[in-house]
Amino acid sequence: MKKQKKYKKESGQAMIIAVVFFICVSVATILGLTNPMVRHIAMATSIAISKESFYAAEAGVEDVVYRLKIGLPVASSQTLVVGDQSVITTITDESSGKVITAVGNANNYLRKVKTNLALGTGVAFHYGIQAGEGGFDLQNSSSVTGNVFSNGPIVGAGNNIYGDIVSAGPAGLVNNIHSTYSVFAHTISNSRIDKDAHYITINNTIVSGTQYPASPDQATSSLPISDEQIGEWESEAEAGGVINSPCPYIISSNTTLGPKKINCNVEISGSPTLTLTGPIWVVGNITTKNSPIIKVASSLGNKSVAIIADNSSNRLTSSKIDIQNSTTFQGSGMAGSFVFMISQNNSAESGGSEDAIKVANSAAGALVVYSNHGEIDIQNSVSLKEVTAYKITLKNSANVIYDTGLPNTLFSAGPGGGFDILKWKEVE
C-alpha cells in the first residue's frame, strides 16, 4: 500500500510540471507571435505617416512649379500647409535655371523632394486674352473664346466671353460682360455669369452658379514675354544680317526672309507670300495691306517666328504694326506653329493715344499679337489665336479664339521665358 501512494504522489507532481511547462511554452509562443505583430503595426503606421510627408513634399514642389510656369511671383522660401502636414519649400537660382527643394513634415517624419528646372525654349500663354494695367475693353459684338486675365478692368457692352474671367488686384472690375464660366474680381457689376462668382462687391448681376462673397483678390501677373526675351530675339535677327536699303523696305513679291534686321519701315503689300525662316527685327513701323500671306517655313516644324517692330529711339510714335485688309497668317503646317507680331511701342503705358498694333478687316489665321507696353486695337471680322498687351480693345465683330497649342509655344531662336523640368526625385 505504501508503494502505491508514493506512485500517485510522484504522478501528480509530474502532471504539475507538465502543465507549467506547457504554460511557459504557450506564453513564449504568444509573445513570439505578438512582438512581430506589434512591430508590423508600428512599421505600417510609420510608413503611412511617412507617405503623408512625401505627398506633402510633392505638393510643395508642384505648387512652386505651377507658379513659375504661369509667371506668378515666388519667394525664395515658403511654407505650405497640406491637411495636417506642413511643407517648407526653398527655391535656389542657378545660371541654367532653378532648384526647388521641398521637405514634408508629418509628425516629425521627414521626406524631401528635389526638382531641377531649366530655362525652356518656349513661352507659355494660358489665356485667350491677357491685359496689363491698361485693362480690356470689348465693344459692339466682339467676343473671346477662351479665358481672359487682366491686371486692369474688363469692361464690355454685354459681350460674350466663353471662358473664365479674372480681373486681378484690389481695383479689379468686371462690368457688363456675359461669362459662360466663372468670374473672379474685386467688383462685379451689370453682368451675367453662368457658373460661379468670386468677389468683394457685386451688384445688378445674375449668377447661375455659387456666389463667394469676401473672396480674396486674385494676384496680378506679369505678361508672358519679357523685354529681355524680345531683346534676345532682336539680337538673333541682327546676327542673321542687316538690311539698310531700300527704305522703306517694300515686300511685294514672294520672299523668304529671316533671321534679319531691317533698319527702316517695312511694308508688305499686294498678294505676295512672305516665308519666315527666323525672327525679323524692324527698326520702325510694319504695315501689311491688301492680301499678302505671311507664314512660317515648313522646315521649322512646330516652332513659331516673331516679327518685331522696335525703334528704340522712338517708342512713342514709332515701333507700330498696322495689319490691314485680308492679310492671312499661317504656321508651318504643324500644330503649335504661329506668327507672332510684336510691338515695343509704349504710348499707352505713357498715357498717349497711339495704337501699338492695329488689326482690321479680315486678317486671320495662325496669328498672335503682343505688346508689353502698348495698346492693341482689334476690329471688324478679325479672328486671332491669342492677344496680349498692356491695353486691349476689341471692336465690331472681332473674335479671339484661344489655341490649345499656346501653353508651350516654341520659337525658332533664343531661349524662352518658361521652364523645363529636368529632374524630379526624392533625395536624402
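**View A. The link of Cys 247 and Cys 264 is left-handed, with -90° about the S-S bond.** The S to S distance is 2.5 Å; a disulfide here is a pair of cysteine sulfur atoms within 2.5 Å. A search of the whole structure finds one disulfide. The pair links distant parts of the chain, 17 residues apart. Cys 247 sits in the loop between strand E19 (242-243) and strand E20 (249-251). Cys 264 sits in the loop between strand E22 (260-262) and strand E23 (266-268). Helices (H or I, at least four residues) and strands (E, at least two) are DSSP runs, numbered from the N terminus. Cys 247 is partly exposed, at 43% relative accessible area, whereas Cys 264 is buried, at 8%. Buried means under 20% relative accessible area, exposed over 50%, and partly exposed in between (1.4 Å probe, protein chains only).

This is a predicted model: local features need pLDDT of at least 70, side-chain atom pairs count only at pLDDT 80 or more, and totals for chains, interfaces and linings use all residues. Residues are numbered from 1 along each chain as its sequence is written, and side-chain values use heavy atoms, with hydrogens and water left out.

**View B. Ser 167 lies in strand E10 (residues 165-167).** Ser 167 counts as buried, at 1% relative accessibility. Its side chain reaches the backbone oxygen of Gly 152 at 2.8 Å. A polar atom of that side chain also lies 2.9 Å from the backbone nitrogen of Leu 173. Beyond its neighbours within four places in sequence, Ser 167 is in contact (heavy atoms within 4.5 Å) with residues including Ser 150, Pro 153, Phe 184 and His 186.

**View C. Helix H2 covers residues 227-239.** At 1.5 Å a residue, its 13 residues should span 18 Å, and the end C-alpha atoms are 18 Å apart, which agrees. The expected span is 1.5 Å times one less than the number of residues. Gln 229, Ile 230, Trp 233, Glu 234 and Ala 237 are buried. They cover an arc of only 145° around the axis, which puts them on the same side of H2. The arc is that of the directions from the helix axis to the C-beta atoms. On the other side, Glu 228 and Ala 239 are exposed. Gly 241 follows H2, with a positive phi near 120°.

**View D. Met 341 touches Ile 286, Phe 329 and Leu 367, among others, not counting residues up to four places away in sequence.** Its contacts also include Val 369 and Tyr 370.

How values were computed:
Polar contact = N/O pair within 3.5 Å; in protein donor to acceptor, adjacent residues only side chain to side chain.
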